[in-house]
Amino acid sequence: MKIQNELNAMYAFVERSFDLVRRYITWEIVFVFYNIVNALTIGLIGTTIKNQEQRAEMILYLVIGALFWGFMSVIFEEVSNSITWERWEGTIEYTFMAPIRRITHLTGMCLFAILYGLARTAIVLVAVASFFDFSLQKANLIGALLVLAVASPAFIGLGLIAAVLPLLSPERGAQATHIIQGIILLVSGVYYDVSVLPAWLQPLAYLSPGTYALQAVRKAILDGAAITSLWPDLLALIGIGMILIPLGLFVFSTAEKYAMRTGKLKRNG
Amino acid sequence: MLTVNEEKKTENHSSASQVAVECRDVCKSFYEEIKDSRSWKNLFLGKKREVKAVHQISFQIRRNEVFGLLGPNGSGKSTLIRLLSTLLFPDRGQLTIFGHDVVRDQRQVRRFINRVSVEASFFKKLSAIENLRYAARIYGLNTSEGERKALSILRRLGMNEDKAQTSLENLSRGMQQKVAIARALMTSPTLLLLDEPTTGLDPKSKRDVQEYVEEVMETHDATIILTTHDMDEAERLCDRIAIIDHGKIVAMDTAEGLKKQIGTASMEEVFFRFTGKSWEDVLADENTE
């Protein structure tokens with residue numbers, strides 16, 4: 001019964017968030033439109049390459065980066081902004097005084113983020129695929145989906161750590177999460193190979209889950225690599241996820257206690 | 001055979017000795033930045049000053065009692081409510097709800113309480129039903145049972161089902177407050193924190209809410225802490241009233257007892273004598289906030 005209550009509570013966050021998506025549908029249309037245009041713009045950079053075979057590969061390389069970054073950004077933003085959103089709506093106190101475990105609350109938000117991210121990425125994928133003439137004959141799409149699933153916990157962990165910032169600083173915290181997001185974008189090889197980064201930035205690339213996820217997704221789609229040859233990257237992602245999820249929960253729970261001591265857990269900053 | 005009300009009253013006699021809330025020497029301070037105090041000497045972090053929001057407050061509230069908190073702006077009422085809501089940790093002292101410590105036994109305490117605050121804390125784009133369904137789920141209620149209970153409370157408060165399907169941003173403040181009350185009572189809390197539930201309501205909505213609170217006291221096993229800006233409301237609903245000023249309780253008794261202490265027939269006079277502030281000034285302060 002207790003487990004059922006926790007599952008029910010977890011579902012509350014998924015249902016509520018999708019209800020909000022439905023009610024803010026015009027915002028959603030704008031977000032998706034921007035995502036599509038962004039992916040197309042980046043893909044079109046590839047058309048500047050003269051060699052036809054290399055051109056097709058480059059377009060796909062860039063589009064994979066745009067799609068994957070779109071998916072991971074949605075997960076990261078939804079989790080990291082969950083506190084900002086509640087504060088903005090004025091429900092933060094009500095949610096935090098409910099008799100549920102924090103892990104249930106956060107898992108519900110993460111589950112929504114994954115489902116919502118998948119839905120948005122699927123829409124962008126359909127739009128982009130109908131714009132560019134892709135050849136996905138040799139692509140291992142199941143392998144690519146597996147990479148998405150395995151990479152999600154690592155990004156959720158990062159999102160949990162970033163969610164602490166709006167909890168600690170109501171005024172500036174939400175903006176500060178963009179710094180984390182920007183660093184991941186810079187070092188993860190979203191639109192280029194990480195080997196082009198300056199030597200002093202390379203170590204950060206190997207710490208970012210985005211690097212392994214993008215490497216694996218590109219191997220699966222561009223080279224049609226089998227799941228067995230994706231294992232090194234998948235193991236790295238599992239390892240990072242196993243560190244970041246408990247670390248994120250620990251950081252969040254420590255920050256929540258700090259907010260309760262200092263009175264920052266309130267609606268209006 | 002006893003009616004529900006008579007049964008309730010009999011139970012109340014036996015439970016009157018039970019302590020619902022115990023607050024012992026509770027202190028809570030905040031630190032606010034002193035204006036223009038940032039300089040290179042303090043690494044631009046600024047200097048902070050201590051603000052004692054709640055200072056060595058002690059009281060007990062009996063089970064099924066309606067306990068009123070009156071005080072001017074910044075007196076510590078809201079801090080006290082947030083301490084009771086488990087949203088703040090006290091710096092010192094102990095606060096227990098039905099014997100459970102609000103810091104140590106946070107989750108157990110949260111099962112007992114619910115709150116109606118002065119601002120409508122809802123997802124305003126969502127309808128009342130969507131907000132109530134969310135509340136039912138996070139409070140571990142069966143959603144259909146929760147919805148049924150909430151709708152029956154809303155009907156009792158004069159709100160029909162069509163309104164319950166409307167997005168909350170399109171409802172009046174009075175209607176929103178009725179939804180807040182339905183949401184709080186849907187979970188059958190044994191400690192209900194009513195933080196200015198009638199502030200800003202039109203006279204009819206105010207009367208509806210006050211009558212419903214009286215009905216709840218008759219029919220539910222609930223202890224209520226009420227903060228209000230309405231002296232008549234405090235007199236009408238509260239068994240005892242505490243006047244709080246500068247984070248301290250300066251007087252605590254029944255409304256009659258307080259009036260007797262001062263030798264006046266007016267609660268406004270009581271408030272003035274204990275705080276040095278006229279009630280009109282307090283209301284004006286609230287309106288200019």
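**The contact between chains A and B**

Seven salt bridges are counted between chain B and chain A. A salt bridge here is a side-chain nitrogen of Lys or Arg within 4 Å of a carboxyl oxygen of Asp or Glu. The model is predicted: local features need pLDDT of at least 70, side-chain atom pairs count only at pLDDT 80 or more, and totals for chains, interfaces and linings use all residues. Residues are numbered from 1 along each chain as its sequence is written, chains are lettered from A and ligands numbered from 1 in the order in which they are written, and side-chain values use heavy atoms, with hydrogens and water left out.

One of these salt bridges pairs Glu93(A) with Arg82(B), with 3.1 Å between the closest N and O atoms. The two side chains also form a polar contact of 3.1 Å. A polar contact is a pair of N or O atoms within 3.5 Å; within protein, one must be able to donate a hydrogen and the other to accept it, and residues adjacent in sequence count only if both atoms are side-chain atoms. Glu93(A) sits in helix H5 (residues 92-96) of chain A. Its relative accessible area is 10%, so Glu93(A) is buried (under 20%; exposed is over 50%, partly exposed in between; 1.4 Å probe, protein chains only). Helices (H or I, at least four residues) and strands (E, at least two) are DSSP runs, numbered from the N terminus.

Now the whole interface. Chain B gives 36 residues to the contact and chain A gives 37, where contact means heavy atoms within 4.5 Å. Together the chains bury about 3,500 Å², 55% of it on carbon and sulfur atoms. Buried area is the accessible area (1.4 Å probe) that two parts lose on being put together, summed over both. Between chain B and chain A, 16 residue pairs are in polar contact, both residues at pLDDT 80 or more. On the side of chain B that touches chain A, strand S1 (19-33), helix H3 (106-112), strand S6 (113-116) and helix H4 (128-138) each supply at least two residues. H4(B) has the largest share, six residues.

Phi of Gln56(B) is near 50°, positive in a residue other than glycine. Gln56(B) belongs to strand S2 (residues 48-62) of chain B. It is partly exposed, because its relative accessibility is 45%. Phi of Asn64(B) is near 70°, again positive in a residue other than glycine. Asn64(B) is in the loop between S2 and strand S3 (66-70) of chain B.
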